[in-house]
Amino acid sequence: MLDELEKYLDLHILSLPVWLKNHLMRTADVSQFLAKIHHSNIQKCKVGALGHDISKLYSEDKLIKIVKDNNLLCTDFELLHTEVLHGPVAAFELSNYIHKNSSVYNSIRWHTSGHVDFDSENKIVFLADKLDPYKIEKRPELKKISDIAIKDLDRAIGEFFKIQFEFLKKNNVDIHPESKKYYKFLI
Ligand SMILES: [Fe+2]
Ligand SMILES: [Fe+2]
């Protein structure tokens, strides 16, 4: 099943706009690098990374329609902050290849906020998305998170939240309640 998903995603991302394809490929590179260091499942980390943003370009209306038509379980916060719905929708759209509640499903479903039930592959995909070298170039304060991620995934996610919460507050963006919960769990 994972082999088929990998084959599908390797091809599918070629149909996406260059900037998104490149983000997914860089995320997959970071993800596989961290998987090797932390002795995690490399393939799960690769496909989670390649799949996490495949629904990123959908309009708000399309995301809401998919959520409603398919009764996807989303929180009230997510229904009000539709920019985070591309995670649950992407996980759903890959359901021919991944079971609901499997590790890869959770990596994609919760890649924006994080989740207290994250396993090591989920943590790696979450961090790899945030540590895309292009993002670090734009926000150099994230560089120290990549250094920490090599040694300790939990500490890297905790430090990321610390920086991110400040950033979101400054920009008047609401923080996902699941991120707050996960941060409290980690510190
Ligand atoms: Fe995303
Ligand atoms: Fe992303």
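Author: What covers the buried residues of α3 includes α1, α2, α6, α7 and α8, where helices (H or I, at least four residues) and strands (E, at least two) are DSSP runs numbered from the N terminus. This is a predicted model, in which local features need pLDDT of at least 70 and side-chain atom pairs count only at pLDDT 80 or more, while totals for chains, interfaces and linings use all residues. Residues are numbered from 1 along each chain as its sequence is written, and chains are lettered from A and ligands numbered from 1 in the order in which they are written.

Helix α3 is mostly covered, with eight of its 10 residues buried; a residue is buried if 20 or more other C-beta atoms lie within 10 Å of its own, exposed if 12 or fewer, and partly exposed in between, with C-beta atoms placed from the backbone. The buried residues are Lys44, Cys45, Lys46, Val47, Gly48, Ala49, Leu50 and Gly51.

One of the covering helices is α8, and here Lys44, Cys45, Gly48 and Ala49 in α3 meet Glu121, Ile124, Val125 and Ala128 in α8, contact being counted when two C-beta atoms, placed from the backbone, lie within 7 Å. An α-helix has 3.6 residues a turn, so residues three or four places apart point the same way. The axes of α3 and α8 come within 9 Å and cross at roughly 40°, axes being lines fitted to C-alpha atoms, for helices over the stretch in contact, with angles from 0 to 180 degrees between N-to-C directions. The two helices, α3 and α8, are therefore oblique to each other, since angles under 35 degrees count as roughly parallel, over 145 as roughly antiparallel, 65 to 115 as roughly perpendicular and the rest as oblique.

Ile124 also touches residues elsewhere: setting aside neighbours within four places in sequence, its contacts are Ser31, Leu34, Ala35, His38, Ser40, Cys45 and Leu153. Both Ile124 and Ala128 are among the residues with the most contacts inside the largest nonpolar core, which has 40 residues; such a core is a set of buried Ala, Val, Leu, Ile, Met, Phe, Trp, Tyr and Cys residues joined through C-beta atoms within 7 Å. The elements that give two or more residues to this core include α3 (42-51) and α8 (120-130).

As for the whole, the protein chain has 12 helices and zero strands, and 40% of its 187 residues count as buried.
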